[in-house]
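Keep the picture open while you read.

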Amino acid sequence: MTLEKIYVTRHGFRSSWTVDHVTGTYTASIPSPTGIPADPALTSHGVEQSKELARHLMQLNPPIEAVYSSPYYRCLQTITPFVELQRQSTPTSGVEGCTVTTIRPEAGLSEWFGSAPFEHPQPATPEILKAMFPAYDDDYVSAVTPLRNGETLTQLYSRVSRGLQAIIARCDAEGRRSVVLCTHAAVVIVIGRILTGRVPDSPDVQDFRAFTCGLSVYSRAPTNLDETTVPGANNQSLGTVGQWDCERNSDCSFLACGEERGWAFVGDEAFPGTGSMSQVNGDPKL
């Protein structure tokens with residue numbers, strides 16, 4: 001059995017942080033539970049969104065059979081209510097191999113930071129996150145890890161593509177029909193482009209949407225399960241993925257407040273000292 005559906009969601013409404021674009025010093029408006037300024041928790045509104053999302057995810061068909069998340073706190077916090085509902089309703093809860101009641105922390109789904117002359121913050125350690133989120137699978141090994149000094153757009157596409165390839169291959173091997181991925185705005189958009197093969201020449205094109213706790217749904221084309229190379233900007237290969245159709249594009253119809261905090265690319269988000277100033281003074285994105 002091969003993977004049929006990929007459900008993709010962005011984390012809920014979070015608290016904010018700022019960064020000094022010259023020194024690379026990150027500062028949080030509210031202290032993070034992990035002590036990492038760029039790793040904030042959800043706001044109370046974001047927590048309510050995550051609960052609404054959880055109830056909606058429980059109603060999907062085919063039912064979710066595996067859970068993957070960015071290892072950042074806000075994503076783990078967003079997907080945890082769903083996993084808890086699954087744990088309560090799944091007879092096999094706690095049985096080895098039951099991936100729907102555990103969260104696989106895939107670094108390929110991590111936050112995107114633009115290229116910089118300094119190192120960006122990293123997620124908390126597995127030991128810390130396991131203590132905070134019991135469903136966190138601390139035995140899982142990520143397929144890919146973002147660069148410490150940030151990524152160009154081409155590197156972002158490559159990282160997400162490799163992460164998706166690994167997730168799809170593992171789900172195929174395990175016989176999972178569907179999977180949910182919880183990630184960040186930029187990655188939500190790139191996932192849509194990679195899975196469908198519709199990669200625009202300019203990243204600023206507003207095609208795939210990314211609202212807080214919005215849900216995108218991708219269906220594997222039943223007549224074409226072969227893999228294909230997806231070209232990127234300047235015909236650079238962005239990896240090999242299956243052909244997928246977008247059925248829902250950051251749907252928020254199940255959320256009481258609907259579409260909120262939408263985000264889109266504006267340039268390459270590089271920091272000073274990396275050869276680009278396209279969005280030096282841009283708002284925090286994810």
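Of the 286 residues in this protein, 56% count as buried. Keep in mind that you're looking at a predicted model.

Now for a pair of helices. Two packed helices are described by the angle between their axes and the distance between the axes. Here, α4 (residues 153–174) and α5 (residues 185–196) pack at about 70°, and their axes are 10 Å apart. That angle makes α4 roughly perpendicular to α5. The crossing of the two is right-handed. Here's who does the touching:

| Helix | Residues in the contact |
|---|---|
| α4 | Leu156, Tyr157, Arg159, Val160, Ser161, Leu164, Ile168 |
| α5 | Val187, Val190, Ile191, Arg193, Ile194, Leu195 |

Sorted by class, the contact of α4 with α5 has ten nonpolar residues, one polar and two charged.

Last stop: Gly24, in the loop between β2 (17–19) and β3 (26–28). Is Gly24 buried or exposed? Its relative accessible area is 15%, so Gly24 is buried, given that the cut-off for buried is under 20%. Setting aside neighbours within four places in sequence, Gly24 is in contact with Val19 and Phe118. Gly24 and Phe118 sit 94 residues apart in sequence, yet their C-alpha atoms are 6.1 Å apart in space.

How values were computed
Residues numbered from 1 in each chain as written. Predicted model: local features only at pLDDT ≥ 70, side-chain atom pairs only at ≥ 80, totals over all residues. Heavy atoms only, no water. Buried < 20%, exposed > 50% of the residue type's maximum accessible area, 1.4 Å probe, protein only. Axes fitted to C-alpha atoms, helices over the stretch in contact; angles between N-to-C directions. Helix = DSSP H or I, 4+ residues; strand = E, 2+ residues; numbered from the N terminus. Parallel < 35°, antiparallel > 145°, perpendicular 65-115°, else oblique. Left-handed = near helix turned anticlockwise from the far one by under 90°. Contact = heavy atoms within 4.5 Å. Nonpolar A, V, L, I, M, F, W, Y, C, P; charged D, E, K, R; others polar.
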